[in-house]
Amino acid sequence: MNGIRRQKAGDGMEGKRPWRLIGATGLMLLAGLLALPMTSIAEHRLLFWIDLIIWFAAISWMVFEIFSIGKNTMRYVARMNRTLDRTMQTTLTHMPVPLVIADSHGEILWYNDPFVEMVNGGDMFGMQMEAVTGIYSAEILSGESMEMVLQGRNYKVFRTDYDRRDGRMALYTFEDIDSYVLLRQNYMQSRSCVLLIHVDNFEDLFAGTRQSERAAVLASLEKLFEKMLNNTHSIFHHLDEDRFLVVTEAQYCMDMERLHFPILDAARKIKVRGRICLTLSIGVGRSGKNLEENEHFAQLSLDMALGRGGDQAAVKTDNGFTFYGGVSQGIEHRNKAKNRAIAKDLIRLMSQCSHVYIMGHRASDLDAVGAAVGIAFIAEQKGIPHNIVVRTETTLAYLLTDRIAEEMPGCMMTPEMARANITDSDLLIIVDTFSKDIVEDAELYRMAKHVVVIDHHRKMVNYLDNTTLKLHDPHASSAAELVAGMIQYFDWRSEMSQFCAEALMAGIMLDTKNFVMQTGVHTFEVAAYLREQGADPISVKTLFAESLEAYQHRSKLVSEAKVYGKYVIAVAEEEVPDMRVIAAQVADELLGVESVCATFVVFNTKNQACISARSLGKMNVQVIMEQLGGGGHQIMAATQRTDCTVHQLRDMLIAVLDTMDASPEETDKVSADSDDNNEM
C-alpha cells in the first residue's frame, strides 16, 4: 500500500511539475521587466541588486526543474521497461497463437499454453519436434512456411531462426488455417470441368445394322451416362450422334479419375451386331483458369485419346496428360473419303513447293524407309525434286537402302546436307513417327516451314505439333499401308515400279509380322494392290535376310529367356551388331510360348539400355513402356534409356509388372509426363 501511495504521490508531483516550470519562466520575465526602469532612473543601485537576485533565482529554479524532468523521464522509461518485460513474459505464454522454441537439433526448449492445447500434450520439454508435431528441422527453412495437418486441423507453420550465446534457436509459429483450407477445398471441388465424350468409329460401328438394333445400343449408352452422372450436379448435352458434352464439378470428375473412368469398361460390354464392342474416348479439361479454357483442354485431351487409338480417357494436367483405359484393339477405320481428301491436299502442297524432303525416325526400319520410297514415287510422278533423308550408317533397313542406291541413284541424302539446302519454300514429309524425340533429325524438323506427318503409331505427349497436314491412323498396320493407300487412289502417268511396290510391301510385312498382327481389311486390300504392281514376295523376303552370326545370337537369346509369371523376359548382356533387329525378332518369337501374354527383351546398344516389348493384344505393352519412359503400340512398344544399365532396367521392368499384377486396375492408367517416348 505504501508503494502504491508513493507511486500516486510521485504521479501527483509529476502532474505539478509543468506549472513549476512555467513559474520559473515567469520569474525570469519579471526580472527582465524590472531591468527596463534602470535605463531612465539615475539612482538604480538598489533596483539593480533586486533584479539580479530575482534573475539568479529564476535561472536556478529553471535549471533545477530541467534536471528534475530529465531524472524523472529516465525513471519513467525504466519503469516502463520493467512493465513491458513483465507483459512480454506473460503475453508470449498466453498468446492465442501456438509458439514453440527448439534448438538446432530439434529439441523443444520452450512452448506456450496454446501449443499444449494444440497437440494435447503434457510436459514436452526436451522432446524432439518431429515426435510431437511431425516437423523435421530440415523440412522447413528460416523465413519459410509450410502447411501441415495436426490433430485433425490444418496449420501454416512459420520458422524464424535467431542466434543466442548457447546456440542457434528456431521459433515455430502455428497459424490455424482450417477454415481457409476448407474454403479452398470447396472452391476447387466446385470448379467447373468439361468432359467431351466420343463414340469411336460411330459410322463404321453401325454400318449394316438395323435401325432397331442401333436404337437399342444408343439407349444402353444413354443409361450408362445417366448412371455416371447420377447424384451429381452436372449438365449433359448431345453435340451430335456420336459426341456428347458433360459440364460437371471437379469433385465428381476426380471421383471418376480415382475409379479410372468405369464407364469405359461398362461401354465395352455393349455389343453391336452381337460381337463388336462399343468403345468411348473421353477428353477431360479441369485445370484451366475458366470454363472456356477447360473446354479447350477437353478438346486437346480428346484429340490425344483418339490419336492413341481410342477406348480411353485423357485428362489434361499442368505437366501433360494422364491416360486411363486403352485396353482394346479398337475398330479399323474404313473412311476412304477422308484419306483420299488428305492425299489430294498432299499433292497440292507438293505442287506448291520447290523441293520435297522425306524423313523417318532414328534407326529407321523397313516401314519408315519403305514409306519414304512411296512418297518419293508420288513426288516423282508430279515432277517435283525430292530426296530421302536417312543416316545409312544407323538404319536397320540397310538392305533396302542399298537397293535404293541402285534403283534410285542420288535420291538419298544425309541430314546435314538437307539442313544446308532446305529453304522456306520446301516441304518436309515425316513418315512412321509422330514424336519430336525420335525423328531422324530434329534440327531439320525445326528448320522446315511446311511439315506433313504420315504415321500409324499412337500419339504421344511430345508429338509433332507444327504440321501443315497430317495423316494419322493408329488403326493402320504401318506407315507403308497409309502411303500405298494414297497411291492407290489416283491414276499416275506411269505405273509403280516393282522396287517401289516391294519396298512398301516390306514395310507392311515388317509391322504386321507377315500379316499376322495389327491387320485389317484395308491391309489386305493394299497388299493385293501392291502384288498387282509387281511386288514379288520372294524378293521382299530377301530384304529381311540376316547374317548367320545374327541368327546364332537370336537363338542364344531365345534359349536363355526366362518365364516370369505370364511374361517372358530375355536379357542380352553382350552388344552385337543389329541388336535392335535381333531383339525385336526374339520378342516376336517368344510370343509362341504357351500361356504368355507379353514378351520383353532387354538389351544394350550404343550406351543405351533398351527394351523391345511385344504382346498378342491381351496386354497393352504401350502402357508398360510408357511407365519406363518409352511408348509405341498396344502390341508393339519399346523403351530407350541412358540413365541405367541393362540389369537395372530389367529390375525396373519387373517392378512395374509386379505393381500391375498386384493392382489390376493400374493396367489401364499411365502418366504421360515421361521425357522420352520411343517406338520400335
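**Overview of the chain**

Of the 680 residues of the protein chain, 48% count as buried (buried means under 20% relative accessible area, exposed over 50%, partly exposed in between, with a 1.4 Å probe and protein chains only). The model is predicted: local features need pLDDT of at least 70, side-chain atom pairs count only at pLDDT 80 or more, and totals for chains, interfaces and linings use all residues. Residues are numbered from 1 along each chain as its sequence is written, and side-chain values use heavy atoms, with hydrogens and water left out.

The protein chain holds 23 helices and 26 strands; helices (H or I, at least four residues) and strands (E, at least two) are DSSP runs, numbered from the N terminus. Among contacts (heavy atoms within 4.5 Å) in the protein chain with a separation of 6 or more, 65% come from residues 24 or more positions apart.

**Exercise 1.** Determine how the axes of helix 17 and helix 18 are oriented to each other, and which residues make the contact.

*Step 1.* The axes of helix 17 (residues 498–512) and helix 18 (residues 521–532) come within 9 Å and cross at roughly 150°. Axes are lines fitted to C-alpha atoms, for helices over the stretch in contact, and angles run from 0 to 180 degrees between N-to-C directions.

*Step 2.* Helix 17 and helix 18 are therefore roughly antiparallel (angles under 35 degrees count as roughly parallel, over 145 as roughly antiparallel, 65 to 115 as roughly perpendicular and the rest as oblique).

*Step 3.* Helix 17 contributes Ala-501, Leu-504, Met-505, Ile-508 and Thr-512 to the contact, and helix 18 contributes Thr-523, Val-526, Ala-527, Leu-530 and Arg-531.

*Step 4.* By class, this contact of helix 17 with helix 18 has seven nonpolar, two polar and one charged residues. Ala, Val, Leu, Ile, Met, Phe, Trp, Tyr, Cys and Pro count as nonpolar, Asp, Glu, Lys and Arg as charged, and the others, Gly among them, as polar.

**Exercise 2.** Carry out the analysis for helix 12 and helix 16.

*Step 1.* Helix 12 (residues 366–381) and helix 16 (residues 479–488) have axes that come within 8 Å and cross at roughly 15°.

*Step 2.* Helix 12 and helix 16 are therefore roughly parallel to each other.

*Step 3.* The contact involves Asp-367, Ala-371, Gly-374, Ile-375, Phe-377 and Ile-378 of helix 12, together with Ala-479, Ala-480, Val-483, Met-486 and Ile-487 of helix 16.

*Step 4.* The residues of the contact of helix 12 with helix 16 comprise nine nonpolar, one polar and one charged.

**Exercise 3.** Describe the surroundings of strand 11 and its pairing with strand 6 and strand 12.

*Step 1.* Six of the six residues of strand 11 (residues 280–285) are buried, so strand 11 is largely enclosed by the rest of the structure.

*Step 2.* Leu-280, Ile-282 and Val-284 lie on one side of strand 11, with Ser-281, Gly-283 and Gly-285 on the other, and both faces are covered.

*Step 3.* Strand 6 (residues 192–199) runs antiparallel to strand 11 and is joined to it by six bridges; two strands pair if DSSP finds at least two bridges between them. Gly-283 in strand 11 is the bridge partner of Leu-196.

*Step 4.* Strand 11 and strand 12 (residues 312–317) run parallel, joined by five bridges, and Ser-281 stands opposite Gln-312 in strand 12.
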